[in-house]
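Let us read some side-chain contacts together.

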Amino acid sequence: MRLSRIAVVVLLVLSLGTVLAQELKPITLTWIAGGVGGGWYAQAGAIAALINAKEPKISIKVIPGGGVVNPVRVSMGEADLGWGITFVDKMALEGAAPLYEKPNPKVRSIGGYFGYYQIHFVADAAKGLSTVQELVDLIKAKKAVRIAIPMKGTSDLPIVEEILRFYGVTLEDIKKAGGEYFHAVYADMISLYKDRHVDFVITHLSIPAAAVTEMFSSRKSVLLAVSDECIDHMHNKFGTVGRETGLCLIPANTYPGFDKDVPAVTTAGELLVNADVPEIVVYTITKILCENLEELYQAHPANKTFVPEVAWQHVAVPLHPGAERYYREKGYMK
């Protein structure tokens, strides 16, 4: 009997120790986002303000960053939180070329999706094409094509190159066929297309993309469809969005004068966190995001793709234990 009482006391002490260890203490975190004034920067700032309003012990400072550098800086502890793009984050975790030379093992996720982005293949309608395969067939037939593509050093370029590689061509094959490709920022893509220096543009933007709308308004245009096999390949190899989500599509009438649904490779945003951020902190942040959806959605339109019940599935790197604890407590994860 006496031993039983001792055991109970020991258990109570251990339980109290666990509670004390899990006590949330005031903390200031750094969140690496995108360029100052850009969508990612504004989105992070709005969420940071919401978190601090719900839990004053957590203060968050937003700093500029970008899709390629964010998972590296989070893994290194130079930032506590960061925006990520799923396929880029997977490459960063594994240290996959061409973006990364070594693994970044301490990058974790809180959940996704926080916005999603489609790869647009814009084409001059006069070319008479409807699929990416037909564009590739021109290149393979040594026909000269002129294409605007993303800038070097961006997260956009590797995924464009991988899609082309799936179809059996490279950027160098475009040159070998007598064509040209131009690395360009979005504004320059518009100018190149409007001024007919190029007849094709490959870009990576959320819909409806203002840049693509302007292209469609400047000349009669179409979007080229990728195959289901390509979408599946990109999903399985790089963690892009799977077809079962229904998001791998640019719907009809998204752009002026184009009334067809077009299959597209789609990427998505996730919220990254360093593995060493305390579990109770990440648990609290996850809880705030999941239990204040109306305010989260009002904070920024891109947040509307975050759905707590499946957020834990929409990640490309391991979940942080604090986030996993919340999803399991709610019964979302089994």
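The dialogue below takes salt bridges and then aromatic rings in this predicted model.

Q: How many salt bridges does a search of the whole structure find?
A: Side chains of opposite charge can pair when their charged atoms come close. Here the search finds 16 salt bridges.

Q: Which residue forms a salt bridge with Asp228?
A: Arg243 does, with the closest N and O atoms 3.4 Å apart. Asp228 lies in helix H10 (residues 228-238) and Arg243 in the loop between H10 and strand E9 (249-250), so the pair ties together parts 15 residues apart in sequence. Asp232 also forms a salt bridge with Arg243, at 2.8 Å. Asp232 lies in helix H10 too, so this pair ties together parts eleven residues apart in sequence.

Q: Is Arg243 buried or partly exposed?
A: Arg243 is partly exposed, at 39% relative accessible area. Asp228 is partly exposed at 35%, and Asp232 at 27%.

Q: Where do Glu329 and Arg325 lie?
A: Both are in helix H14 (residues 321-329), four residues apart, about one turn of the helix.

Q: Why is the pair Tyr326 and Tyr327 edge-to-face?
A: Planes over 60 degrees apart count as edge-to-face. The planes of Tyr326 and Tyr327 are at 70 degrees, with ring centres 6.1 Å apart, so the pair is edge-to-face. Tyr326 is buried at 2% relative accessible area, and Tyr327 is buried at 0%.

Key
Residues are numbered from 1 along each chain as its sequence is written. This is a predicted model: local features need pLDDT of at least 70, side-chain atom pairs count only at pLDDT 80 or more; totals for chains, interfaces and linings use all residues. Side-chain values use heavy atoms; hydrogens and water are left out. Rings of Phe, Tyr and Trp (its six-membered ring) pair if their centres lie within 6.5 Å; planes under 30 degrees apart count as stacked, over 60 as edge-to-face and the rest as tilted. Buried means under 20% relative accessible area, exposed over 50%, partly exposed in between (1.4 Å probe, protein chains only). A salt bridge is a side-chain nitrogen of Lys or Arg within 4 Å of a carboxyl oxygen of Asp or Glu. Helices (H or I, at least four residues) and strands (E, at least two) are DSSP runs, numbered from the N terminus.
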